[in-house]
Amino acid sequence: MDTRPLVVLPLDDTDLEKKLSIAVDKGIDMIELRIDQFSDLSIDYIESRASAVKEYDLGLIATVRSKEEGGTDIPDSDRLSIFEAVAGIADILDIELTSQSINRKVIEMARDEGKMALVSYHDFEKTPVEDEIQEIIDRSAALGADIIKYAFKVNSIGDVSRIMCVTAKNREKKLVAIGMGDLGKITRVAGFFFGSVLTYTYIGRSFAPGQIEAGKLIEELKFYGLRS
């Protein structure tokens with residue numbers, strides 16, 4: 001992982017090459033391929049799209065998001081087959097903490113390929129209390145996560161404080177701390193001061209509430225001295 005804040009652009013397969021070219025021009029560091037949103041879930045097609053990302057010299061996070069956490073209803077056995085197909089191409093495999101039937105297998109798969117495993121958790125309704133956030137971090141670490149991502153809906157200023165405080169207490173780990181929604185936007189920049197290592201952005205269409213458009217986000221990171 002880089003020591004500077006890394007900006008991640010989630011993309012599906014729509015106009016992929018065009019968006020990859022724009023991403024390079026804007027200074028994006030990594031692409032999160034939202035494979036669960038692809039128009040074609042055949043293995044050959046998925047491998048070709050993943051390989052296309054690497055042709056642009058961009059980092060690649062492979063995500064096959066579960067329906068329960070904002071993705072598509074794809075059987076876990078099929079999700080596992082997709083992860084197996086892209087494990088040798090991607091830099092990071094993203095698997096949900098709640099996907100208990102396959103998350104250990106995906107983490108082992110990443111290990112076997114010399115790649116990183118990102119264990120993620122999303123709550124689109126609320127920000128949990130501090131002890132629950134800590135439990136999410138601890139459970140993810142116990143699974144063997146290289147990176148731990150948690151994204152919570154922010155409903156108050158106090159929610160932002162809680163997310164950032166817990167993140168700061170665990171900053172020796174590689175964390176991705178996100179507050180979703182308008183009030184949570186500040187976490188997508190300020191998170192880096194508390195120990196978060198990645199932030200997610202968009203070009204055209206946002207994949208999550210509260211994301212900041214790529215050009216504006218990078219300008220803000222520069223304004224606060226987080227990027228040159």
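Tyr121, Tyr150 and Phe152 form one aromatic cluster. Before I go on: this is a predicted model.

Let me stay with the rings. A pair of aromatic rings is described by the distance of the centres and the angle of the planes. Searching the whole structure gives 4 aromatic pairs. One of them joins Tyr150 and Phe152, and that pair is stacked, with 5.7 Å centre to centre and 25 degrees between the planes. Both Tyr150 and Phe152 are buried.

Another pair is made by Phe223 and Tyr224. Here the geometry is edge-to-face: the centres are 5.0 Å apart and the planes stand at 85 degrees. How exposed are these two residues? Phe223 has a relative accessible area of 67%, so Phe223 counts as exposed.

Lys149 lies over the face of Tyr200, 4.3 Å from the ring centre.

Now the helices. Two packed helices are described by the angle between their axes and the distance between the axes. For helix H7, residues 187-194, and helix H8, residues 214-223, the axes come within 10 Å and cross at roughly 35 degrees. The crossing of H7 past H8 is right-handed.

Which residues meet there? From H7 we have Arg188, Val189 and Phe192, and from H8 Leu217, Glu220 and Leu221. By type, this contact of H7 with H8 has 4 nonpolar residues, 2 charged and no polar.

Key: Residues numbered from 1 in each chain as written. Predicted model: local features only at pLDDT ≥ 70, side-chain atom pairs only at ≥ 80, totals over all residues. Heavy atoms only, no water. Phe/Tyr/Trp six-rings, centres within 6.5 Å; stacked < 30°, edge-to-face > 60°. Buried < 20%, exposed > 50% of the residue type's maximum accessible area, 1.4 Å probe, protein only. Lys NZ or Arg CZ within 6 Å of the ring centre and 35° of its normal. Axes fitted to C-alpha atoms, helices over the stretch in contact; angles between N-to-C directions. Helix = DSSP H or I, 4+ residues; strand = E, 2+ residues; numbered from the N terminus. Left-handed = near helix turned anticlockwise from the far one by under 90°. Contact = heavy atoms within 4.5 Å. Nonpolar A, V, L, I, M, F, W, Y, C, P; charged D, E, K, R; others polar.
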